Amino acid sequence: MTTTDATAAPDWEKRFRAPRVSLPDWAEDAPDRSLFVSNATGTYELYAWDRASGRQRQVTDRPNGTTDGVLTPDGEAIWWFSDTDGDEFGVWMRQPFGGGEDEPAAPGLAPSYPAGLAIGRDGSAVIGRSTDEDGTTVHLVRAPGAEPVEIYRHRESAGVGDLSYDGTLIALEHTEHGDAMHSALRVVRPDGSTVAELDDTEGGTKELGLSVLGFAPVAGDTRLLVGHQRRGRWEPMIWDPVAGTETPLPIDLPGDVGAEWYPDGSALLIEHEFEARSELWRYEPGAAAPVRVETPAGTVSGATARPDGTVEYLWSSAEQPPAVRSTSGAVVLDPPGAKAPPSVPVEDAWVEGPGGRIHALVQKPATGEGPFPTVFEIHGGPTWHDSDAFASGPAAWVDHGFAVVRVNYRGSTGYGRAWTDALKHRVGLIELEDIAAVREWSVESGLADPERLVLAGGSWGGYLTLLGLGTQPDAWALGLAAVPVADYVTAYHDEMEALKAMDRTLLGGTPEEVPERFEASSPLTYVDAVRAPVYISAGVNDPRCPIRQVENYVDRLAARGAVHEVYRYDAGHGSLVVEERIKQVRLELEFALKHLGGGPVLGPAA
């Protein structure tokens, strides 16, 4: 696309094409050396940034993009994960920070799905792997090129949490008890011997999870910052696995609370999420309460404290595009090129539902009066939540005269443990009850045109779209499902092992053990009831929502002549290529406008 064409492009396309950057990660012992992700070339890739000189260079250059990378503590090298066309199955590669040839970082390890990585100051690395054959294994590589030594193995999902400052302690998250939604913790030595265990599930009898937030970044300090759910939400505490002590922290903020250490270990940077917004606080262990770190209203998608005490954070709102900012007042990393046009602010809606009050986020066109054609854009996960953050997809619908409603249904994070954990056994049907309650509110309030309601989403949101079209056939005029689960039984057998474990937790067993639950929760069960036109997009290399189960669903639609379109693309669970993403949104818009009315507003494809 030429510069002239880019200038003339509609705002919705400009939002996707605008250069973006992630929050830069920095080397612990060389803080001027940073690593970030950007779409500057039109594909999301890794970039190295020497802050002292200002030099930036592109680290990776692959047709389907690269986003997973880690700096070594000394800043001398970059590890990045190399898969094949988005299939998430591959090996770690290593490249000098200043540039040079890539080489396998652990040549003795066969390709796998990644399950965590921690790199030590002495050149060692702890590498987590997951395969269908072996489950999870963890390996220690004592030096670059050295033979990997296996220090952990289990059929259930697990992962590397962190490595202590001096490399003598390794924190693992595991689900050996069989509950993939609630991890336990184990700290081991480099030889694999156990130092201490922390398990709030009590062998699977209690549904309380733990997470590794990081070892104290100080030599000789064995304190580990962990997240726990003991008070009905995520919050941090300090656990010393060597001393055997646990230190609760007086951080009494509503909603979920995460944390990381300041670089000298003297304080914690608190990330607080509540009702779809987030904010930052500083807490010094032993203090009575945390102190607010000022950030604008909206969503902080990531934050880090620098050695000088300033905090850098990635911020956006539904109205304003993302920017990497600093508490010093500076914009930390401002990519060159045209900025993304703003969108409209989000409004909150609280709706009484069968399981309690449901929070929904609403965006509507700046001009015109309702009722509007309305897209229910359903988030994936399912353990995730929509927030007051910039999103180019919903903004595109608003530009075309649609209202957009995003529902944080039961199963979403950010509203307490009970809300997230409500998603069990009646999987999919529970979420759709909440979506139905918000749909009814949207019509009764005058926001939504009941004849032009669109159910849409990607991943788990795509799954709920197909399930909703079949179980609520009279409620929706159109369905748009991206990378969905469509045939739950086939999806289970074809998906990556970690997701099999999650499905066993959600549904209470395998398809052979609880066939009635898989049948009740599978969109394929209800495909013959679907009346609305259906648009489906799928990645042919997707390990999460594999293509075969999508084809099974499409075949059933085709067999009865149902109105549908399918778009298959050569990538995995979504695309990291900007023009490909624009193409997918364009196809969805065209499909909706064709079947709902509204005229050819889009122009020719780019």
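**Close-up views of a predicted model**

**View 1. An open sheet of 4 strands, in the order E25-E26-E27-E28, with antiparallel pairing.** The structure shown here and in the other views is a predicted model. Strand E25 (299-305) and strand E28 (331-333) lie at the edges, each pairing on one side only. With direction ignored, neighbouring strands of the sheet are turned by 35° against each other on average.

**View 2. Antiparallel pairing of strand E27 (residues 323-326) with E28.** The two strands are joined over 2 bridges. Val324 has Leu333 in E28 as its bridge partner.

**View 3. Crossing of helix H5 (residues 429-444) and helix H6 (residues 460-471).** The helix axes come within 10 Å and cross at roughly 75°. Angles of 65 to 115 degrees count as roughly perpendicular, so H5 is roughly perpendicular to H6. On the H5 side the contact is made by Leu429, Glu431, Leu432 and Ile435; these meet Trp460, Leu464, Leu467, Gly468 and Thr471 in H6. By class, the contact has 6 nonpolar, 2 polar and 1 charged residues.

**View 4. The largest nonpolar core, with 58 residues.** Phe376, Ile435, Ile536 and Tyr553 have the most contacts inside this core. Ile435 is also one of the H5 residues that meet H6. A second, separate core has 27 residues, including Val404, Tyr535, Val578 and Leu596.

**View 5. Surroundings of Phe376.** Leaving aside residues up to four places away in sequence, Phe376 touches Val405, Val407, Ile435, Val438, Arg439, Ser442, Leu453, Val454, Leu455, Ala456 and Trp476.

Definitions and conventions: Residues are numbered from 1 along each chain as its sequence is written. This is a predicted model: local features need pLDDT of at least 70, side-chain atom pairs count only at pLDDT 80 or more; totals for chains, interfaces and linings use all residues. Side-chain values use heavy atoms; hydrogens and water are left out. Axes are lines fitted to C-alpha atoms, for helices over the stretch in contact, and angles run from 0 to 180 degrees between N-to-C directions. Angles under 35 degrees count as roughly parallel, over 145 as roughly antiparallel, 65 to 115 as roughly perpendicular and the rest as oblique. Contact means heavy atoms within 4.5 Å. Ala, Val, Leu, Ile, Met, Phe, Trp, Tyr, Cys and Pro count as nonpolar, Asp, Glu, Lys and Arg as charged, and the others, Gly among them, as polar. A nonpolar core is a set of buried Ala, Val, Leu, Ile, Met, Phe, Trp, Tyr and Cys residues joined through side-chain atoms within 4.5 Å. Buried means under 20% relative accessible area, exposed over 50%, partly exposed in between (1.4 Å probe, protein chains only). Two strands pair if DSSP finds at least two bridges between them.
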